[in-house]
Amino acid sequence: MKKVSFFVLVFLLAFLSVPGISQYTPTRPPTQCEDACLREFSRQADGHVASYRSALTSIAYQAFGTAVTAWVSFFDAGGFTTTGGAANPTWGTVVTPLLALFQNNVYQDAIFQADLSYYSNIQNDMNGLNLCLGQCPAPSL
Amino acid sequence: MAITNHSQLNMKSHFAIVLGIFVLTACSGVDENSAIENQKTIQDVTNDVTVSELNELQENHAVMLARNEFNLANVDFDMIKEGRKNVKSNKELILLYEKAGMTNAAKYVQNNQKRIDILSSLVSKNPNIKNLSQVELMRMSSRMTNLDSNFVRKLIKIRSVF
């Protein structure tokens, strides 16, 4: 009997120590007013997350589309060769620097812009949620 | 005479129609093959194990942004815009972001670089991507992120006290 209690205790401790579970466990159901605030937040945030998703899709599209450009540049430069060098460019000498340049300059900036827009919109949504919740009457205990 | 001319015309028309059908069939055969091949490429890319890694990474990054872990509200964007022109490496980019007021700048750049690396590796592993049409590319790209309504529910959990 003692063994069983010990295992139950260990299990409970492990369960509660997992981050996210103890933190996010609801303490009480939202009131009608709070629920309305959350619904409005969801509606706003849904749109902004969808915009962020579109921006990330566009970045991936650019990445895949650039592969096409890089391949074209590569074949324009003479395609695969075994010798390399400036006169006989190989995959590594033509495409890799192109992609690297693209990655470090265009991608980082594109992601930064997308992140910035998403961050600013979500912060506004969160602030709106806080204001809305602040106007709700305190729940009766 | 008129009948002969008419029948000759009919024969020519028939020949043209048969030729047209042949050409169309031949072309559609080629298109069908490439369509199947393109479909396979899209499947290969979207089923790649790194895509779920990319999705997870993007979701975590979006949560970090929502939690204001990079302090973007207080970042000097003019400084970044001006300083960006002279940046040639991620190390320099981190220093610039830090100077402009970003917190966890190294983590921020590292997250983005990982996202970029995964996309690049997908391109390298699947050279047939170059044959995809714009519509196919867009369809495939839209599967590179899974941020949706479920993600908003997670955001509510982060904020929620209920």
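**View 1. Confidence along chain A of the predicted model.** Chain A has a mean pLDDT of 70, with 52% of its residues at 70 or more; pLDDT is the predictor's confidence in each residue, from 0 to 100. Helices here are DSSP runs (H or I, at least four residues), numbered from the N terminus. Two stretches of chain A stay under 50: residues 6-25, with 4 contacts beyond four places in sequence, and residues 68-89, with 23 such contacts. Two residues are in contact if their C-beta atoms, placed from the backbone, lie within 7 Å. Where pLDDT is low, the predicted coordinates should not be read in detail.

This is a predicted model, in which local features need pLDDT of at least 70 and side-chain atom pairs count only at pLDDT 80 or more, while totals for chains, interfaces and linings use all residues. Residues are numbered from 1 along each chain as its sequence is written, and chains are lettered from A and ligands numbered from 1 in the order in which they are written.

**View 2. The side of chain B that touches chain A.** Contacts join 32 residues of chain B to 39 residues of chain A. At least two residues of this side come from each of α2, α4, α5, α6 (134-141) and α7 (149-159) of chain B. The largest share, 7 residues, belongs to α7(B). By type, the side of chain B comprises 20 nonpolar residues (Ala, Val, Leu, Ile, Met, Phe, Trp, Tyr, Cys and Pro), 4 charged (Asp, Glu, Lys and Arg) and 8 polar (the others, Gly among them).

View 3. The 18 residues of α2(B) reach 27 Å from first C-alpha to last, close to the 26 Å expected at 1.5 Å a residue (1.5 Å times one less than the number of residues). Its buried residues (20 or more other C-beta atoms within 10 Å) are B:L54, B:Q58, B:H61, B:A62, B:L65 and B:A66. Seen down the helix axis, they fall within an arc of 135°, so they line one face; the arc is that of the directions from the axis to the C-beta atoms. The face turned away carries B:V49, B:S52, B:E56 and B:N60, which are exposed (12 or fewer). B:N68, with a positive phi near 60°, follows the helix.

View 4. B:N71, in the loop between α2 (49-66) and α3 (77-83) of chain B, has a positive phi of about 55° without being a glycine. B:N104 lies in the loop between α4 (90-99) and α5 (105-125) of chain B, and its phi is positive, near 55°.
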